[in-house]
Amino acid sequence: MTLAPPPPAHHERAPAPSTAGLRATARMLARAGGDGVTRLPVLDGDGPFALRRVGAHGRPARVCVVSAMSAPLGGDRLGIEATVEAGAALHLTTAAATVALPGRTGEPAHYDVRVTVGEGARLDWLPEPLISAAGSDLRMTTTVELAATAHLVLREEQVLGRSGEETGALRSRIVVRRAGRTLLDQETAYGPGATGWDSTAVLGGHRALGQLLVVAPEFEERAVEVRLLGGAAGERPAAHEGQGVLAPLAGPAALATAVAPDALRLRRLLDEAGRSAAAG
Amino acid sequence: MSRAALLILADGRFPAGGHAHSGGAEAAVAAGRLTDAATLETFCRGRLHTAGLVAAGLAAAAAAGHDPLLLDDAADARTPVPALRQTARRLGRQLMRAARATWPAPALDALAAARPRGAHQPVVLGLAARSAGLTPLDAAHAVAYETLSGPATAAVRLLSLDPFDATAVLARLADDLDRVARRGADAAERITAEGTDALPAASAPLLDITAQQHAAWPVRLFAS
């Protein structure tokens, strides 16, 4: 009788990367056709990112990022690059929340999103939340380059810990440049290794936070009006419903910032802000 | 360089109008998040490592001689709500008046002329420190200290907190303050190679939200 071979080592994903982690960058390019339809001459998924074209062809082109494996894990270096050329329109979503998980080595994971939007072009980048699982360590950057007449709607939601667990370490920086000038530069640092984040000045016990950024040339003429969201609008803020504010940046843009006890209530606040910003 | 100049600049009695501002403490008291010395300490630690760090970077950069108008733009990009941009500019204008009288310098005159409604306060403070012969690290210390002393003084008035307890909070945060000032000054040193992106951009969502909320109150004790 032969000995049974040892069971294969358990891999959550294949092909198994080295301990250095996975390197993958998904790329897409949106181009305006003469018929007003946006085409996607480049639509290259990579590693954990599968790119699915959804909906009918038209303006905008719609793409959904589908996770083909669990990522990012510690040590991974992942990227998404999207270019929307002059006059084109791209609507980008993700199929599910992204969960940052611990890796085998304790190395941080890196996740870099770079988008470029040309003259008269529009990008809607509306991913599902990023969840920082206990023990994970993720460094995220979002870099946006906008032409002067570009239109952008960008949502970013972070959830600190899965249900009932501690948060991982999550550092995220977003830099938005418009016509070469920096419109927004914000960094968040939460969890182990960050100081002061779990403070009454920063999150006040909330575990979901997010932003909705709308950049539109028409805000040059008329800035969005300040609007308090959720509990912030009441006389005495009610902590349980979360709170936020929609306000103009120093430039043709509006930013909603919100904190909430969970992802569902956070989304409600950002949806409310989105309706306000669209109504002008 | 005169060490005494740093004491003058960081003195709460320096006539720059800071006493009228609570640094978000009034809104935090109203929301029930700031109630005693212990919650003052957590509030201050959060503010120091976010708004304080950003201010330390800007002030150190201005003190190092980087273009104050570029730094003023960098401050705008790091201040996402109009209530806090207006507060920073109002405080900057008041500090500018005091600084030009105290340490006259062409660089202060030039910034005052370019930003008649006020530049962001940390930028003005850094330039004032430079005019006084202080170092970037000194400027970072002074501005970081202000991000703590404002809420601590306000909490004494708003909560009738024992002033000894409030001062003890400041003392307990001294090591944090040193680290934040050092990080701000280190970041300012990287500007030559990396541009103003090198400056810290730490955000505090609740400070932003409640500052805008506070600005809409019909009656308030502090301007911010």
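Arg90(B) counts as partly exposed because its relative accessibility is 37%; buried means under 20% relative accessible area, exposed over 50%, and partly exposed in between (1.4 Å probe, protein chains only). Arg90(B) sits in helix α5 of chain B, residues 82-102. Helices (H or I, at least four residues) and strands (E, at least two) are DSSP runs, numbered from the N terminus.

The model is predicted: local features need pLDDT of at least 70, side-chain atom pairs count only at pLDDT 80 or more, and totals for chains, interfaces and linings use all residues. Residues are numbered from 1 along each chain as its sequence is written, chains are lettered from A and ligands numbered from 1 in the order in which they are written, and side-chain values use heavy atoms, with hydrogens and water left out.

Searching the whole structure gives three aromatic pairs over all chains. Rings of Phe, Tyr and Trp (its six-membered ring) pair if their centres lie within 6.5 Å; planes under 30 degrees apart count as stacked, over 60 as edge-to-face and the rest as tilted. One of the pairs, Phe49(A) with Tyr111(A), is stacked, at 5.9 Å centre to centre and 25° between the planes. Phe49(A) belongs to strand β3 (residues 49-54) of chain A and Tyr111(A) to strand β8 (residues 109-117) of chain A, so the pair ties together parts 62 residues apart in sequence. Phe49(A) is buried at 8% relative accessible area, and Tyr111(A) is buried at 6%.

In chain B, Phe14(B) and Trp103(B) are stacked because their ring centres are 5.7 Å apart and their planes at 20°.
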